[in-house]
Amino acid sequence: MFDLRKQPHLKYLLQQTLRETVLHYLTSASFISTCFEVSLQILALLSTNSLSKIKHFRLLRIKRIFYAKITKICVLISRNIWQQAYETKRRSKMKLYFPVPKYNGNYKEGMAQFGWPRARGRLHAGCDLYAPFKSDVVAITDGIVVEVGDFYLGTQALAIRHEGIGVVRYGEIVEIPESFYKVGAKVKAGDIIGKVGQVIKISAMVHLELFDGTKIGPLTDRTKGIKYYNDGVKRDGNYQRRADLMNPTKLLDRLLLEGIR
Ligand SMILES: [Zn+2]
């Protein structure tokens with residue numbers, strides 16, 4: 001006989017799946033709007049049924065508290081719906097670009113991918129986007145410059161805070177325009193922020209890094225940047241980067257799909 005209690009791994013997996021499903025449902029727009037509708041119906045019922053005719057002091061008080069609670073819930077729920085709608089609208093309005101033209105590579109393969117081993121135990125802190133040498137590099141969306149300066153072997157790096165995405169560092173680029181070579185400069189989606197650089201002779205590329213923006217300080221951190229949080233999962237790794245480093249693969253997938261190229 002199959003006994004789930006004797007399968008701790010399977011039990012754990014089932015629990016996790018159930019938990020995620022419930023959480024997903026509780027935060028979904030359809031559930032919230034259902035709550036809203038139900039609350040409205042209760043309110044409508046209350047205003048017409050016998051409860052509203054009760055004169056007894058204690059019951060009146062209970063009724064008042066009940067009304068207050070229902071109103072509070074309604075306000076909270078409608079605020080939540082409004083916020084969700086606003087966020088969806090803002091996201092759909094966001095103009096997106098893929099950072100390089102004539103992209104010919106795969107940022108999920110070999111040396112180009114995030115986390116691939118480098119010299120002296122260091123791990124690749126970003127994804128490499130192969131593109132023709134000195135072709136334009138564009139900002140993936142609107143943002144503000146948060147860090148700019150020299151990068152590896154004569155190249156430069158420009159880091160932009162993109163609202164709703166995080167801090168994106170466009171590394172191994174060259175010829176950053178003077179107007180963007182200062183912290184605080186405003187960048188528009190699709191603005192040319194530099195040219196594709198070349199560190200090794202065989203390949204020109206943009207080395208792209210992503211940070212969630214919850215930390216402050218320099219993005220390269222050789223002293224302690226060894227903890228990496230991959231979508232909530234803590235992993236050790238010598239990335240030599242600030243602790244809010246993220247894997248940019250999903251972002252790049254989205255840009256390939258939705259971005260202008
Ligand atoms: Zn790289």
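Which residue in β4 does Val 145 stand opposite? I looked it up: Val 145 faces Ile 160 in β4.

**Entry 1: ground rules.** I am working on a predicted model, where local features need pLDDT of at least 70, side-chain atom pairs count only at pLDDT 80 or more, and totals for chains, interfaces and linings use all residues. Residues are numbered from 1 along each chain as its sequence is written, and side-chain values use heavy atoms, with hydrogens and water left out.

**Entry 2: strands around β3.** I took helices (H or I, at least four residues) and strands (E, at least two) as DSSP runs, numbered from the N terminus. I called two strands paired if DSSP finds at least two bridges between them. β3 and strand β4 (residues 156-162) pair in the antiparallel sense, over 6 bridges. Their hairpin has 5 residues between the strands, and Leu 153 takes a positive phi near 40° there. I then checked the partner β6 (residues 186-187). It runs antiparallel to β3 (residues 143-150), with 2 bridges joining them. On that side Ile 144 stands opposite Lys 186.

**Entry 3: the zinc ion.** Which residues coordinate the zinc ion? I found His 124 (NE2), Asp 128 (OD) and His 207 (ND1), at 2.0 to 2.1 Å. Donors here are N, O and S atoms within 2.8 Å of the metal (3.2 Å for Na, K and Ca); water is not among the atoms, so the site may look incomplete. The donor spacing in sequence reads H-x3-D-x78-H. Asp 128 in strand β1 (residues 127-130) and His 207 in strand β8 (residues 203-211) are 79 residues apart, so I noted a link between distant parts of the chain. For burial I used under 20% relative accessible area as buried, over 50% as exposed and in between as partly exposed (1.4 Å probe, protein chains only). Both Asp 128 and His 207 are buried.

**Entry 4: Ala 125.** Ala 125 sits in the loop between α3 (57-93) and β1. Is Ala 125 buried or exposed? It is buried, with a relative accessible area of 1%. I listed its contacts (heavy atoms within 4.5 Å). Not counting residues up to four places away in sequence, Ala 125 touches Phe 114, His 207, Glu 209, Tyr 239, Arg 241 and Leu 245.

**Entry 5: salt bridges.** I counted a salt bridge as a side-chain nitrogen of Lys or Arg within 4 Å of a carboxyl oxygen of Asp or Glu. The count comes to 10. Arg 118 and Asp 128 meet in one of them (3.5 Å, N to O). Arg 118 lies in the loop between α3 and β1 and Asp 128 in strand β1, so the pair ties together parts 10 residues apart in sequence. Arg 118 counts as buried at 18% relative accessibility, and Asp 128 is buried at 3%.

Arg 241 and Glu 209 form another (2.8 Å, N to O). Arg 241 is in the loop between β10 (233-236) and β11 (245-246), and Glu 209 is in strand β8, 32 residues apart. Both are buried. I also noted Asp 244 with Arg 242, the closest N and O atoms being 2.9 Å apart. Salt bridges that share partners join Glu 147, Arg 169, Glu 209 and Arg 241 into one network.
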